[in-house]
Amino acid sequence: MIPKIILGKGPYATRRTIGYLFGKGRANEHIDPHLVASWNDFAPDPGRSPHRDPKKVEAQLAAQLDQPVMMLGDKAPKYTVWHCPVRAAPEDPILTDAQWADISRRIVAAAGIAPEGDEEACRWVAVRHADDHIHIAATLVRQDGRRPQRDYDQRAVQREARKIEADYGLRRLKPGDGTAAKRPTSKEHFKAKRLGQDATSREILRLRVRRAMAAATTEAEFFALLEATGVSVRPKTEPSGDVTGYSVSLPGDVNKQKQPIWYAGSTLAGDLSLPKVRQRLATTAPEPAAARPGSPWHQATAAAERIPHHLTYSNEEVAQGQLDALGGALDLLPLTAPAAARAELEKAAVAFERATRSRVAADHASTRVLRRSVQAIWKEPVRHEDGAGLAMLLDVALTAVAYAMHWHRTRQHAQQQAAAEQTLIHLQAAYAQVAEPVLAALAGRTPSLQTKRRYAYHLQQAVPEHAEGIVNDGAWDALATVLAEAEAAGHNASAILGQALSLRTLEDARSPARALTWRVRRLGERHAPGPHAQASKVRHPAQRPTAPPAQESRIRSR
């Protein structure tokens, strides 16, 4: 159940609100508008007065609501109307008028508009004009002339809504921490539907701004990328000439006066304000091309592979920065993915957006490698067309998102935890679409049975607790292929297995065989060390890391 508070001002604010609630609606969506409750239980009802002109009844109702405001004259407050739509979820049962009446009384009491038993409280009405929601309209002067005590009313009505959901058996929404991006209004939804858009302008702009922020290395590039994606940009320039903010709009998205509808970056999401964008860009300043040689897919995968460690052992600010960077990577990956996986990756990015924000301030210093490597992938995706790079990155991203879910759970970030859970569903679907063809192609080049037996022996020596499961896994043939290709490139099979196992534990891997396949593929494409170095690695294998005991069972169950 979602309540949302809107304040109205002006001499005709109450009349306009009542006219809208009892009118046909912007898309003729209002059906049988009528009162379900009011401050005195006998307010005039324009929807249930068949022998009177409805417009006159609307005027009478507005006048009665406005009476306490009119008594104050020029001492009336600036905002005089409190308007709160309350909407049930699509899967909720249809509530009766009596049930909606009870809900409306609980909402106005929680908000401080009309505390229970207070006969001098504000005047209010609850109007129903659809099965799934009501509108509560109140005037913000009490009948005794005082102002209502409605401090933090938005939080109060949200808390009451959670209780109402439990009492009525409705869909239970997750409590928030005030960091969620602003939801599109019903007006924006109707407009998108009328224009044939799958998403509202607000949602489209939020995604494009997030992608531009993830892809850019400078402020100028950030604005250039926005304009390149069809977004109009209007900087906020102070008299000193300093740019302190920006607004964006979509071509064709205009108001009644045919003027563009602008959205400030900070109203799209709290982390999209210009100061926050500048903080993020400071961690991705350009560096010489030769400074980080090698495959950006490998670099991004290695950086993402360290996210679980940061979420487990680093401080909260570093962990939050890692979640931020992971969200930026997910924002850009759909632009580099094959068409079959693009839709699920876009859904994953949209879902994880909520998991990237909390009350913890982000430290982005440790995220440079991930950000820069994903930017390199985005700029030259054709270099990595075989799909293995994306598959190995998605494999470690799945583990990182699972750890993000746990990180939010332990901090009681309910909405962020739910967002990470939803992200996993879409990422798993995308991973299957990307990885299966790559694994099948690798399996088609699998080495001889004798060679595979030798690799199985190395596995048994290196990781006995997983060896049998790996050999019986469907990805075993693909793993044998990448081991054979690594050997052909000059690597020692036993040594490279030891290296792969030292990168991180297999305890939290959904498929140890697949995880090893991508690690060996990554390591095998590096320059092979000399024979003396390889012999040393065989004699002194790297110590294998272990998963944190508290998280091990949780992650493996996913």
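1. A quick word on terms: contact here means heavy atoms within 4.5 Å. Bear in mind, too, that this is a predicted model.

2. With that in hand, look at H13 and H16. On the H13 side, the contact takes in Ala340, Ala341, Glu344, Leu345, Lys347, Ala348, Ala351 and Phe352, and among their partners in H16 are Ala419, His426, Leu427 and Val434. Sorted by type, the contact has 12 nonpolar residues, four polar and two charged.

3. As for geometry, H13 (residues 339-352) and H16 (residues 414-443) have axes 8 Å apart, at an angle of about 165°. Angles over 145 degrees count as roughly antiparallel, so that is what H13 is to H16. Their crossing is left-handed.

4. H17 (residues 449-462) and H19 (residues 476-488) are another pair to check: their axes cross at roughly 95° and come within 10 Å. That makes the two roughly perpendicular. Lys452, Arg454, Tyr455, Ala456 and Leu459 supply the H17 side, meeting H19 residues including Trp476, Leu483 and Glu487.

5. On to salt bridges, where the count comes to 34. Take Arg105 and Asp41, with their closest N and O atoms 2.9 Å apart. Arg105 sits in H3 and Asp41 in the loop between E3 and H2, so the pair ties together parts 64 residues apart in sequence. Arg105 is partly exposed at 36%, while Asp41 is exposed at 55%.

6. Arg171 and Glu91 also pair up, at 3.5 Å. Both lie in loops, and their bridge joins parts 80 residues apart in sequence.

7. Finally, have a look at the salt-bridge network linking Arg210, Asp271, Arg280, Asp324, Asp331, Glu353 and Arg357.

Methods: Residues numbered from 1 in each chain as written. Predicted model: local features only at pLDDT ≥ 70, side-chain atom pairs only at ≥ 80, totals over all residues. Heavy atoms only, no water. Axes fitted to C-alpha atoms, helices over the stretch in contact; angles between N-to-C directions. Helix = DSSP H or I, 4+ residues; strand = E, 2+ residues; numbered from the N terminus. Parallel < 35°, antiparallel > 145°, perpendicular 65-115°, else oblique. Left-handed = near helix turned anticlockwise from the far one by under 90°. Nonpolar A, V, L, I, M, F, W, Y, C, P; charged D, E, K, R; others polar. Salt bridge = Lys/Arg side-chain N within 4 Å of Asp/Glu carboxyl O. Buried < 20%, exposed > 50% of the residue type's maximum accessible area, 1.4 Å probe, protein only.
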